[in-house]
Amino acid sequence: MENAGLTRLHWDDAPVFLAVARSGTLSAAAKALGLGVATVSRRIERLEKALGHTLFLRHQSGYHLSREGEGLLPKAEQLELAML
C-alpha cells in the first residue's frame with residue numbers, strides 16, 4: 001500500500017534482513033526462516049525499495065552489509081528484541 005508517495009514498510013521484512021545479514025547468503029537465510037530463496041530475495045528487494053537504500057552489496061562470496069545496512073542492523077536487532 002502506498003500513501004502520499006511513501007512505500008509501506010513491512011514488519012515481517014526485518015527478520016529476513018537479519019537472517020541475510022547474519023548468514024551472508026540468501027540460501028542460508030531461507031533455510032533458517034523456512035522460506036524459499038526467491039521469497040527472501042523479493043523481501044530484501046522490497047525493503048531496499050521502501051527505504052530507498054541498498055542494504056547489501058552482492059558478491060560471489062555472498063551478501064555483505066552496505067553502509068546503510070550496517071546502520072539499519074542495530075535498529076532491526078532492537079525490533080527483533082521487541083517482537084520477542
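Which backbone nitrogen does the side chain of Glu48 reach at 2.8 Å? I looked this up and found the backbone nitrogen of Leu55.

**Entry 1: ground rules**

I am working with a predicted model, in which local features need pLDDT of at least 70, side-chain atom pairs count only at pLDDT 80 or more, and totals for chains, interfaces and linings use all residues. Residues are numbered from 1 along each chain as its sequence is written, and side-chain values use heavy atoms, with hydrogens and water left out.

**Entry 2: Glu48**

I placed Glu48 in helix α3. Helices here are DSSP runs of H or I with at least four residues, strands are runs of E with at least two, and both are numbered from the N terminus. Glu48 is buried, at a relative accessible area of 12%. Buried means under 20% relative accessible area, exposed means over 50%, and partly exposed lies in between, with a 1.4 Å probe and protein chains only. I then listed the contacts of Glu48 (heavy atoms within 4.5 Å). Leaving aside neighbours within four places in sequence, Glu48 is in contact with His53, Thr54, Leu55, Phe56 and Arg58.

**Entry 3: Asp13**

Next I turned to helix α1, where Asp13 is found. Asp13 is buried, with a relative accessible area of 1%. A polar contact of 2.6 Å joins its side chain to that of Arg46. A polar contact is a pair of N or O atoms within 3.5 Å; within protein, one must be able to donate a hydrogen and the other to accept it, and residues adjacent in sequence count only if both atoms are side-chain atoms. Not counting residues up to four places away in sequence, Asp13 touches Arg43, Arg46 and Leu47.

**Entry 4: Val16 and the rest of α1**

Val16 also has its place in helix α1. I noted Val16 as buried, at 1% relative accessibility. Residues up to four places away in sequence aside, Val16 touches Leu33, Leu35, Val40, Arg43 and Ile44. Asp13, Ala14, Val16, Phe17, Leu18, Ala19 and Val20 are the buried residues I found in α1. Their cover includes α2, α3 (37–51), β3 (56–59), β4 (62–65) and α4. Just after α1, Gly24 takes a positive phi of about 85°.

**Entry 5: α1 against α2**

I checked how α1 packs on helix α2 (residues 26–33): the angle is about 130° and the axes are 8 Å apart. That makes α1 oblique to α2. Axes are lines fitted to C-alpha atoms, for helices over the stretch in contact, and angles run from 0 to 180 degrees between N-to-C directions. Angles under 35 degrees count as roughly parallel, over 145 as roughly antiparallel, 65 to 115 as roughly perpendicular and the rest as oblique. Pro15, Val16, Ala19, Val20 and Ser23 in α1 meet Leu26, Ala28, Ala29 and Leu33 in α2. Ala, Val, Leu, Ile, Met, Phe, Trp, Tyr, Cys and Pro count as nonpolar, Asp, Glu, Lys and Arg as charged, and the others, Gly among them, as polar.

**Entry 6: α1 against α4**

Last, I looked at helix α1 (residues 13–23) and helix α4 (residues 67–83), which pack at an angle of about 125° with axes 9 Å apart. That makes α1 oblique to α4. The residues of this contact divide into ten nonpolar, one polar and three charged.
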